[in-house]
Amino acid sequence: MKGNKAQNSFLKGVLIFTLLISFTILIAGGFWIFKTKAPTPLEVVDGQGNVLTTQERITGGQAVFQKYGLMDYATVLGHGSYLGPDYTAQSLKIVTDAMHDVNAQASYGKPYAELSEEQRTVIFEQVKQEMKQNRYEKGTKTLVLTDGQAEGLKRVRAFYDKVFTEGDGLGIRPNLIRDDSMPENNRAYVAPGDMREQIADFFFWTAWLSGTQRPGDTITYTNNWPYFEDAGNTMSYSAMLWSGVSMTLLILILGLILYVYNRYKLHMHEAYEPGKFPVLDLHKMPVTISQVKAGKFFLIVILLFLVQAVIGGLLAHYYTEPNSFFGLDWVVDLIPFNIAKSYHLQLAILWIATAWLGMGIYVAPLVGGKEPKRQGLLVDILFWALVFLTVGSTVGQWLGVKGYLGNLWFWLGHQGWEYLELGRFWQVLLVIGMAIWLYIVFRAIRSALRKETDRGGLTHLLFYSAIAVPFFYIFAFFFSPSTSFTYADYWRWWIIHLWVEGIFEVFAVVVIGFLMVRMKLVTKDSTVRSLLFQLILLLGSGVIGIGHHYYYNGSAEIWIALGAVFSALEVIPLTLLILEAYDQYKVMRDGGHDFPYASSFRFLISTAIWNLVGAGVLGYLINLPAVSYFEHGSTLTTAHAHGSMMGVYGMFAIAVLLYTLRNIVKPEAWNDKLLRLSCWGLNIGLVGMIVVTLLPVGFMQLKQSFDFGFWSARDYSFYQDGTVNLLLWLRMIPDTVFIVLGIFPLVYVAIRSMFHLRKPNVKEEEVFE
């Protein structure tokens with residue numbers, strides 16, 4: 001016993017040290033990003049000193065890009081959605097072509113296309129050198145353009161004026177960007193004047209910083225991304241070096257971790273002897289008012305899941321027919337790609353988070369051993385606040401992107417960042433809702449916290465992880481449309497990577513550990529020790545591992561090293577979860593036919609497998625800097641996103657949902673056969689999406705980028721290729737399996753459960769075991 005306590009104390013110290021070091025590096029790296037980000041010049045002038053554009057107009061163009069939700073249609077600096085082009089790569093090509101023509105005309109008196117092979121070679125090399133020279137004057141904060149670059153800006157403006165006036169035929173509807181959708185003066189974040197010209201100036205600025213070398217360096221502000229030899233952009237040495245180093249360190253540290261894991265038996269130990277599985281009688285399970293009221297959260301979860309998946313099918317169809325849905329053009333007018341993508345992402349976050357919040361509401365009285373007064377009322381308030389948030393933000397995003405909200409677009413409409421589409425008002429409401437949830441959990445577990453003398457014990461770990469849920473979302477308020485794109489992206493990934501992918505997983509892992517102890521399946525000491533070890537690995541690799549998102553968005557080169565190494569190490573805790581999956585399978589097997597949580601455990605096992613395959617294997621593939629350089633912003637990323645978001649967080653959410661429902665629904669009304677079908681349907685459908693479409697299309701896109709430059713891989717003509725187009729159409733099969741065999745049974749079970757909820761058998765303030 002003393003040895004266990006000493007081991008736990010040591011692990012607590014390691015965890016605290018890991019957190020301090022990790023966040024120190026992350027925050028210091030953020031300060032470095034702030035100091036070294038590409039400048040936004042006060043004025044951009046030509047060789048004669050004529051002002052071509054200004055900082056106000058470039059920043060205003062970024063706001064226009066966000067206002068119309070274009071990050072959910074296309075990408076800038078590789079970040080966003082993939083139906084449309086990468087505007088950075090596309091603009092870089094337009095500018096480079098213009099420079100070729102201007103230099104050819106100046107040297108030979110004719111366009112570049114009419115030159116001989118020898119003459120083209122001369123101009124080709126000349127333009128690369130001209131492109132790389134940094135003409136930003138730090139003292140006056142002025143950017144001086146060559147004649148070729150000035151012509152490039154002119155062509156970029158003409159190109160995007162046509163796109164956003166006439167439409168691009170690929171998802172951008174005619175007259176999407178209209179000046180009359182904003183006041184003439186005092187615009188929110190948008191500069192006065194033509195908004196189409198402003199967004200073009202913003203795209204040109206991203207092309208400039210991706211093609212121009214950092215002062216005193218030999219690589220561009222984006223570490224030579226996007227790949228485009230015409231502009232002199234080729235993979236940097238650091239991308240190759242750190243890809244190799246990360247693979248080497250992964251093998252070394254994986255071996256070390258596996259040794260420690262097995263040497264000190266850092267897994268949860270069974271609390272029952274062979275043949276003496278604990279009896280779990282659901283009829284005697286205590287049920288409180290707030291726990292029963294939590295049931296309606298899960299009905300909403302499943303309905304949102306269904307809507308989100310159907311919209312996902314619509315998005316997949318748009319890749320084959322961007323202007324129609326089987327001849328129903330009004331569907332595209334009503335829900336264009338960017339709005340559909342916004343809904344698809346936000347609903348995913350909402351239903352997964354709501355499932356975990358509902359589980360927290362259920363678990364809290366079990367931890368505290370009693371139901372606080374008026375706990376049910378607080379649960380009702382939280383429920384209706386979440387309903388209001390979901391409906392209001394959904395309507396607001398549609399109105400904002402359609403241009404109906406004027407200056408309120410940022411507060412009530414579409415904020416413009418992928419995964420953070422919620423307008424600022426809805427974000428505030430979300431934080432308030434999470435604060436209410438934290439209060440609900442705290443008042444229920446307060447007595448248990450007082451009884452537990454160990455500040456690193458199981459109950460305290462649960463409370464700390466619950467605090468982190470609302471706390472880490474606060475970083476979503478650290479940037480606005482006027483913040484530099486690169487620096488805003490730094491904070492944005494704090495929410496996506498740390499909050500969605502990290503903090504919620506920490507909370508869920510701790511809750512599952514608590515539930516396993518409560519069911520007398522594992523010992524408490526071994527669970528605390530196992531959780532501390534898991535948290536060290538998850539947070540030690542995951543916090544700095546956020547750096548793989550910063551390789552090519554304009555951040556400093558150091559992030560290639562940090563991101564490559566720690567992203568690779570993220571695979572280790574995911575690998576160990578496979579061992580946990582076997583333990584969960586063993587529990588389910590030992591429980592036999594009478595084990596009531598078989599459905600939940602099936603989804604837990606699915607979670608562990610997808611943790612390895614979706615988050616680990618597919619994530620490791622695209623996070624290598626040498627691979628990411630060519631595929632960043634392509635369909636391989638989508639394969640990883642589906643495997644990790646749905647495979648890990650979605651399956652986990654369903655697991656905790658089913659565990660909770662199993663305890664608050666009358667045992668005789670439970671249908672385990674339908675849930676077994678659902679588990680197989682969701683897994684087969686998800687595997688089909690990835691194997692049939694996303695992976696093969698992703699590898700073909702990777703080759704297209706390698707052969708012709710990244711702009712080509714993101715040109716819509718790639719999706720029209722015969723083989724690619726066929727694979728995109730074939731995705732209908734796994735999508736149908738996923739929805740019909742996977743989600744429909746869940747919908748039926750959730751609706752039926754609402755009519756067979758158990759009656760509370762514990763009164764307020766009544767103590768129970």
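Predicted model: local features only at pLDDT ≥ 70, side-chain atom pairs only at ≥ 80, totals over all residues.
Conventions. I number residues from 1 along each chain as its sequence is written, and side-chain values use heavy atoms, with hydrogens and water left out. Local features need pLDDT of at least 70 and side-chain atom pairs count only at pLDDT 80 or more, while totals for chains, interfaces and linings use all residues.

Entry, H23 and H25. I looked up how helix H23 (residues 672–708) packs with helix H25 (residues 722–730), and found an angle of about 160° with the axes 8 Å apart. Helices here are DSSP runs (H or I, at least four residues), numbered from the N terminus; axes are lines fitted to C-alpha atoms over the stretch in contact, and angles run from 0 to 180 degrees between N-to-C directions. H23 and H25 are therefore roughly antiparallel, a term for angles over 145 degrees. Their crossing is left-handed, that is, the near helix is turned anticlockwise from the far one by less than a right angle. On the H23 side I noted Val-692, Thr-693, Pro-696, Val-697 and Met-700, and on the H25 side Thr-723, Val-724, Leu-727, Leu-728 and Leu-730, contact meaning heavy atoms within 4.5 Å. By class, this contact has eight nonpolar, two polar and no charged residues.

Entry, H16 and H22. I then turned to helix H16 (residues 485–518) and helix H22 (residues 635–664), which pack at an angle of about 35° with their axes 12 Å apart, in a left-handed crossing. The H16 residues in this contact include Glu-501, Glu-505 and Ile-512, and those of H22 include Tyr-649 and Phe-652. I recorded 10 nonpolar, no polar and two charged residues in the contact of H16 with H22.

Entry, H14. I located a kink of about 50° in H14, centred on Ile-445, where the bend is the angle between axes fitted to the seven residues ending at a residue and the seven starting there.

Entry, backbone. I found a cis peptide bond between Trp-225 and Pro-226, with omega about 0°, and placed Pro-226 in the loop between helix H6 (195–211) and helix H7 (237–263). Tyr-189, although not a glycine, has a positive phi of about 70°, and I found Tyr-189 in the loop between helix H5 (147–166) and H6. I looked up both features because most residues other than glycine have a negative phi, and most peptide bonds are trans.

Terms used
Helix = DSSP H or I, 4+ residues; strand = E, 2+ residues; numbered from the N terminus. Parallel < 35°, antiparallel > 145°, perpendicular 65-115°, else oblique. Nonpolar A, V, L, I, M, F, W, Y, C, P; charged D, E, K, R; others polar.
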